[in-house]
Each structure stands twice: as C-alpha cells, then as structure tokens.
Amino acid sequence: MSQNRREFLKKAGLGALAGLGAAAGLFPAFALEPTDSSGFTDAPVPGKVRWGMLVDTRKCLGNCTECIVRCHHDHNVPDFGHTKSEVKWIWKSGYENAFPTASTQFQNPEVLERQVLTLCNHCTEPPCTKACPTEATFKRWDGIVSIDYHRCIGCRFCMAACPYGSRSFNWQDPRPHIKELSNTYPTRMRGVVEKCNFCSERLVKGELPACVVSCAENALTFGDLNDPNSEIRKMLAANETMQRKPELGTLPSVFYII
Amino acid sequence: MNKFSQFLVALAAGLSVFVAAWFFIHAGHRGSVPAHAEVSPAVAAATVKPGGAPVDSAKCILPTDYMRAHHMQVLDKWRKDSVRKGNRTFVNPEGAHFDKSLNTCLGCHGSNPMFCFMCHEYANVKPTCWNCHLSPMEVSQ
Ligand code: SF4
Ligand code: SF4
C-alpha cells in the first residue's frame with residue numbers, strides 16, 4: 001500500500017494530538033490506570049506478624065512431658081533410641097544449660113533445679129539461616145524460621161551456627177523409628193535437618209501450636225509480638241522475662257518467666 | 001495349552017489390569033475435610049486466610065487431561081508459593097478457591113490409596129514425594 005508523505009504527517013499529527021490530550025486529561029487514559037493487584041494473591045505482608053512464645057517456668061514444673069509427647073507425635077519426630085542421634089523439636093534442659101550466661105550466684109536453689117522447656121527461638125536475627133548454603137532454612141514473612149526440607153542437602157552448617165542446639169539431624173531413615181504415624185504433618189527422610197516450626201501447619205488453620213494447647217497448666221502463651229494488644233505482649237509487659245543468651249544479639253522470639 | 005490360548009489368557013489378564021486401573025484412577029471423590037477444632041481467635045485474626053472455602057470440592061482444580069500431563073508442575077509451583085511465600089490460595093479459571101497443599105489433592109484422591117502409584121508404576125517414574133509425605137497407602141488421610 002502506498003501512502004504519501006502528506007497523509008502520513010496528517011495521521012502522525014492526529015496521534016500526537018491524542019497523546020497530548022490524554023496527558024492533559026482530555027480523554028480518559030484507560031491504559032495508564034494502575035492495575036489493582038489486591039485481588040490476585042493472599043500472600044502475607046512480610047514482617048507484619050512476628051509469632052512468639054512465652055514460657056512460664058513457674059507453672060512448668062515436675063516431670064510433665066505432655067507438650068513434648070504431643071509435639072513429637074504430631075510432627076512424626078523419630079526416636080532413634082540413643083542420645084547421640086536424638087531428634088528433638090522441644091525438650092527440657094537444666095536451668096544452667098538453658099541460661100548458661102545468667103547469673104546463678106546465690107540463686108534460689110528451687111530455680112536452679114528447674115527443668116526449662118527449650119525449643120527453636122525463631123530468632124529475629126537467626127545465624128542458622130545465614131549459614132545455610134541452599135537457603136533451605138529461611139526466615140518467613142511471619143518471623144518463623146522454617147526449613148524447606150525439599151531443599152536441605154544435609155550439610156549441617158545450620159546446626160553448627162545455631163547457638164541453642166535447636167536443630168537435629170536424621171542420620172538414618174526416620175520412618176521406621178516413628179512409633180505411630182500421624183497424618184497431621186509429613187515425615188522427613190535420611191540426611192535432612194529438622195526442628196520446631198512453631199506449628200506453622202496449625203497456624204495456617206488458625207489454631208494455636210500443639211504444645212500450647214496440650215499444656216494443662218497453661219504455662220505456654222503464644223501470640224503476635226508485633227501486636228501491642230496481644231496477650232503475649234501484655235504478659236511480657238506485666239512480668240519480668242528472660243531470653244536465652246540475649247548477649248548474642250539473635251533476638252529470640254521465645255521468652256521465659258522465671 | 002497351545003500358543004494361541006496362552007496368548008489369549010495373557011491378553012485377558014492384561015486387559016483386566018487396565019480395566020482395574022481405570023476404575024482405580026477414576027474412583028470417586030470424597031466429601032469435605034472435617035472442620036478443625038481449637039481455633040484461636042487471636043491466631044485466626046493474625047493469620048492470612050485462604051479466600052473462600054478451599055479443599056471441599058466435587059471437581060478437580062483443572063481439567064483431568066491437563067492434570068494428567070502437568071500435575072507435577074502444578075505441585076512444584078504450589079510448593080514454592082505456599083512454603084516460601086505464604087501465598088496459599090489457588091484460584092482456578094472458574095473462580096473456585098483451593099488451598100495450595102498436597103492435602104487438597106488427597107482430599108479427593110486419597111479415597112483411592114492406589115491413585116498415584118498406578119500411573120507412576122505404569123510410567124516407571126519414581127517421584128520422591130512419599131519419602132516424606134504420607135501417602136494414603138500408609139495413613140488414611
Ligand atoms: S534458635 Fe537456632 S535454629 Fe532457631 S532460629 Fe535461632 S539460630 Fe536458628
Ligand atoms: S543442613 Fe540443610 S538446612 Fe541446614 S544449612 Fe545445610 S542445607 Fe541448610
């Protein structure tokens with residue numbers, strides 16, 4: 001098709017005029033309207049929520065292991081039968097092991113004998129995630145330090161990096177060592193690291209973690225540390241509390257009332 | 001027995017396996033997943049909820065032919081979205097909402113414990129899903 005120079009200039013001029021008009025707001029500029037993407041996804045806003053736990057060691061006394069049994073059952077945690085290859089998500093430590101840098105001089109002997117409930121602290125500055133070469137372990141949008149077992153290569157750098165011993169390694173296939181399979185959570189395979197996940201599989205359904213609901217003494221409080229009106233924040237404000245090894249700057253999300 | 005009748009028996013046996021497989025694969029849909037107790041209002045308020053009611057569906061998330069060829073890519077995408085981004089809701093072209101979870105699939109297909117295995121066996125593929133995830137062969141879903 002032939003088009004002479006004059007015709008071309010006429011059309012180009014009209015086009016430029018239309019563009020100017022749109023810029024000046026003479027014509028509605030449909031193409032320039034921002035896309036409303038709010039309906040596209042329900043992905044959470046990173047950092048809005050920070051899950052945390054408060055352990056009241058005054059209520060968690062004696063040899064009760066209700067929460068440990070419930071957690072390890074629900075998450076298919078294997079029992080290999082000896083401490084060397086023990087896998088644990090939540091366990092009890094002696095006071096001085098849990099708080100090795102806390103002052104114990106002239107401390108109340110009852111406190112020194114307490115068995116303190118310990119688990120992954122879901123640190124705000126987690127050294128474990130920085131050590132992981134595959135980004136298998138990572139800090140989630142809601143403060144939970146999670147392990148993507150699909151990606152874990154079993155190098156155990158994270159275990160060396162964690163100052164709290166929160167991580168365990170599966171030296172053998174864990175399946176035959178699970179007493180009763182639970183359908184609430186997958187198992188792991190040989191050669192991956194595992195630890196507490198703050199029951200993220202329950203949180204997504206709006207349920208509290210398994211340990212929290214299993215405690216008959218109500219010793220565990222769980223909630224959003226970023227919400228000043230949450231129960232956990234009110235309890236933190238009303239009580240003297242401790243974190244484990246605070247001097248390391250990991251900013252644990254698990255707090256203790258002694 | 002002569003060669004021909006041996007052949008016929010083999011043919012009949014093969015055919016019956018395929019018919020059985022067909023019935024297994026198309027075995028029906030189960031109803032809804034039971035509601036969960038112990039919902040904490042505080043946790044529920046701070047938790048991103050999937051839009052609409054997921055899981056309970058009488059239909060597959062996408063057409064059967066598409067799922068046969070692409071379920072692995074769908075699951076791979078779902079895994080990345082839900083595990084790493086927290087984006088848990090899948091909306092299919094018809095606008096139905098589903099939780100991006102293997103449990104959504106097993107909500108229906110779990111009624112037939114052989115569902116995954118029949119095809120994988122036939123196609124001689126060995127996915128590693130069941131190294132960790134519990135298949136309906138091991139525990140009822
Ligand atoms: S307690 Fe250990 S495993 Fe948990 S977030 Fe902190 S460094 Fe990582
Ligand atoms: S053991 Fe797994 S999670 Fe830990 S650092 Fe290595 S790859 Fe990461």
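This is a predicted model: local features need pLDDT of at least 70, side-chain atom pairs count only at pLDDT 80 or more; totals for chains, interfaces and linings use all residues.

Modeller: Contact, in what follows, means that heavy atoms lie within 4.5 Å of each other.

The N-terminal end of helix 4 of chain B is capped by S101(B). A side-chain oxygen of S101(B) lies 2.9 Å from the backbone nitrogen of N103(B).

The chain around this helix may be described next. Chain B has 141 residues, and 27% of them count as buried. Its secondary structure consists of 6 helices and 2 strands, and these follow one another along the sequence as α-α-α-β-β-α-α-α. Among the contacts of chain B with a separation of 6 or more, 59% join residues 24 or more positions apart.

The contact between the chains involves 30 residues of chain B and 33 residues of chain A. About 2700 Å² of area is buried between them, and carbon and sulfur atoms give 57% of that area. Across this interface there are 8 residue pairs in polar contact. The interface also holds 2 salt bridges. One salt bridge is formed by R175(A) with E138(B), whose closest N and O atoms are 2.5 Å apart. The greatest share comes from helix 3 of chain B, with 5 residues. Sorted by class, this side of chain B has 12 nonpolar, 11 polar and 7 charged residues.

Of its 258 residues, 45% are buried. Contacts between residues 24 or more positions apart make up 66% of the contacts in chain A with a separation of 6 or more.

T118(A) is placed in strand 3 of chain A. T118(A) counts as buried because its relative accessibility is 0%, under the 20% limit for buried residues. Leaving aside residues up to four places away in sequence, T118(A) touches W89(A), I90(A), W91(A), K92(A), S93(A), A98(A), R244(A) and Y256(A).

H122(A) sits in the loop that runs between strand 3 (115-119) and helix 5 (127-131) of chain A. Its phi is near 45°, a positive value in a residue other than glycine. With a relative accessible area of 0%, H122(A) is buried. A polar atom of its side chain lies 3.0 Å from the backbone nitrogen of V145(A). Residues up to four places away in sequence again being left aside, the residues that H122(A) touches include K139(A), V145(A), K195(A), F198(A) and S253(A).

F198(A), one of the residues touched by H122(A), likewise has a positive phi, near 55°, and is not a glycine. F198(A) belongs to the loop between strand 7 (193-194) and helix 7 (200-203) of chain A. F198(A) is buried, with a relative accessible area of 2%.

The ligands complete the picture. Around ligand 1 there are 14 residues, of which C120(A), C123(A), C128(A), C162(A) and R167(A) come nearest. By class, this shell has 9 nonpolar, 3 polar and 2 charged residues. The residues around ligand 2 include C132(A), C152(A), C155(A), C158(A) and V193(A). The shell around ligand 2 has 8 nonpolar, 3 polar and 1 charged residues.

Terms used: Residues are numbered from 1 along each chain as its sequence is written. Chains are lettered from A and ligands numbered from 1 in the order in which they are written. Side-chain values use heavy atoms; hydrogens and water are left out. Helices (H or I, at least four residues) and strands (E, at least two) are DSSP runs, numbered from the N terminus. Buried means under 20% relative accessible area, exposed over 50%, partly exposed in between (1.4 Å probe, protein chains only). A polar contact is a pair of N or O atoms within 3.5 Å; within protein, one must be able to donate a hydrogen and the other to accept it, and residues adjacent in sequence count only if both atoms are side-chain atoms. A residue is near a molecule or strand if one of its heavy atoms lies within 4 Å of it. Ala, Val, Leu, Ile, Met, Phe, Trp, Tyr, Cys and Pro count as nonpolar, Asp, Glu, Lys and Arg as charged, and the others, Gly among them, as polar. Buried area is the accessible area (1.4 Å probe) that two parts lose on being put together, summed over both. A salt bridge is a side-chain nitrogen of Lys or Arg within 4 Å of a carboxyl oxygen of Asp or Glu.
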